[in-house]
Amino acid sequence: MTSSGGVVECTDLRPLHAALAQGLAAAATRVLQSGWFILGPEVEAFEREFASWHGVDHAVGVANGTDAIELALRAAGIGPGDEVITVAHTAVATVCAVERAGARPVLVDIDPRTFTMDPAAAASAITSRTRAIIPVHLYGHPADMNALLAIKQKHGLFLLEDCAQAHGAESQGRRVGTMGDAASFSFYPTKNLGALGDGGAVITRDAALTARLKRIRNYGQVVRYRHQERGVNSRLDELQAALLRVKLPHLQAHNDARRAVASRYQSLAGVGLPTEARGCRHVYHLYAVRHPRRDAFMACLREHGVGTLIHYPVPVHLQEAYADLGLRPGALPQTESAAAEVLSLPMYVGLEDHQVSHVIETIAKISERT
Ligand SMILES: Cc1ncc(COP(=O)(O)O)c(C=O)c1O
């Protein structure tokens, strides 16, 4: 327990929402009074603001981050018979979305320093069927974009950045989501930019891709009840868009707050610390450390009132549901070693100094004993 008797949770959205409560309530009231709930002025305004925040021309709001990946692939014409290279050390959603688009996911290993796609592994997985590559900017750290863009160019691939965990992260001064052909975002509540429910978006500089995405998210409709192609129902709703518009102007400050917590954690001893690759700006969606005896370490932290979580304990290729991908234990050694050792320490906007101190002191105590 902390000195105040409480538990420092791994994540807690209440302080952030308490600070923005007035603005969020006003936005919700505005939508209620407008009487317009699906594809209206709030979604349009959020799409403009989110695109402009990234310095790109287009953003398309969709129902969640999984759909953002699926729809971006479909809009790029990727589907049955195509292979899409991505990682197994990710939320299962990344792989699920590739399959929902009809394509075959090809899972490759990660660079253990950044927990993101190993460009050499990606390059060696390319076949004549490869059409796309989806690096995941996991935990808030950008993948090695220069190397991946070179592979994309060489083989003429569609590069979709999965930015679900990295809103506002940067690589060589470029925001993630602005380097590939398109980028998908999730606004799941705990994300660095989170809605108060599900939400997602695709950003891109490509006007034709944008037009197709807008059709596909709305049953393939061009004008009301005219369907140019088969689509789905995947729309960001007016309420979530209005709430996201309240939070977006604070995104940079919220990322700074996460980075301030991370810089205190950088002094931790006895755990493997995350690195920030040269020229990268990590936004610490999660502060994932490594420990060789993770389960005992987590139990000890819990006894001392420090909450932790594992992202992710079983990599996608070893999940029962994905056994037919044909990758056996040992196929992705860095991924499997990360899955066995990573744990996420408390990290959220509004985490207080004394709570961070409690985490640091607790880990110091545990490390001295072991
Ligand atoms: C890396 C990654 N990709 C995709 C997703 C899917 O987002 P959503 O939960 O909004 O569908 C998530 C969220 O869990 C994620 O972390």
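Modeller: A polar contact here is a pair of N or O atoms within 3.5 Å. In this predicted model, a polar side-chain atom of Lys191 lies 3.1 Å from an oxygen atom of the ligand. In Thr66, a side-chain N or O atom is 2.5 Å from a ligand oxygen atom, and in Asp162, a side-chain N or O atom is 2.8 Å from a ligand nitrogen atom. The ligand on its own would expose 390 Å², of which the protein buries 88%.

The ligand sits in the largest pocket.

I turn now to residues described apart from the ligand. His141 is placed in the loop between β6 (130–133) and α7 (145–155). His141 counts as buried because its relative accessibility is 1%, and buried means under 20%. The side chain of His141 reaches the backbone nitrogen of Ala277 at 3.0 Å.

Asp118 is found in the loop between β5 (116–117) and α6 (119–124). With 24% relative accessibility, Asp118 counts as partly exposed. The C-alpha atoms of Asp118 and Gly6 are separated by 40 Å, and these residues are 112 apart along the chain.

Most residues other than glycine have a negative phi, and most peptide bonds are trans. Leu39, which is not a glycine, has a positive phi of about 45°. Leu39 lies in the loop between α2 (21–34) and α3 (41–54), and its relative accessible area of 24% makes it partly exposed. Gln172 likewise has a positive phi, near 50°. The loop that holds Gln172 runs between β8 (170–171) and β9 (174–175), and Gln172 is partly exposed at 44% relative accessibility.

Finally, His311 and Tyr312 are joined by a cis peptide bond, with omega about 10°. Tyr312 belongs to the loop between α11 (294–303) and α12 (333–341).

Terms used:
Residues numbered from 1 in each chain as written. Predicted model: local features only at pLDDT ≥ 70, side-chain atom pairs only at ≥ 80, totals over all residues. Heavy atoms only, no water. Polar contact = N/O pair within 3.5 Å; in protein donor to acceptor, adjacent residues only side chain to side chain. Areas by Shrake-Rupley, 256 points an atom, 1.4 Å probe, with all protein chains shown as cover. 1 Å grid on protein atoms, 1.4 Å probe; cavity = no way out; pocket = protein on both sides within 12 Å on 5 of 7 lines; lining within 4 Å. Sits in = over half its atoms within 2 Å of the grid points. Helix = DSSP H or I, 4+ residues; strand = E, 2+ residues; numbered from the N terminus. Buried < 20%, exposed > 50% of the residue type's maximum accessible area, 1.4 Å probe, protein only.
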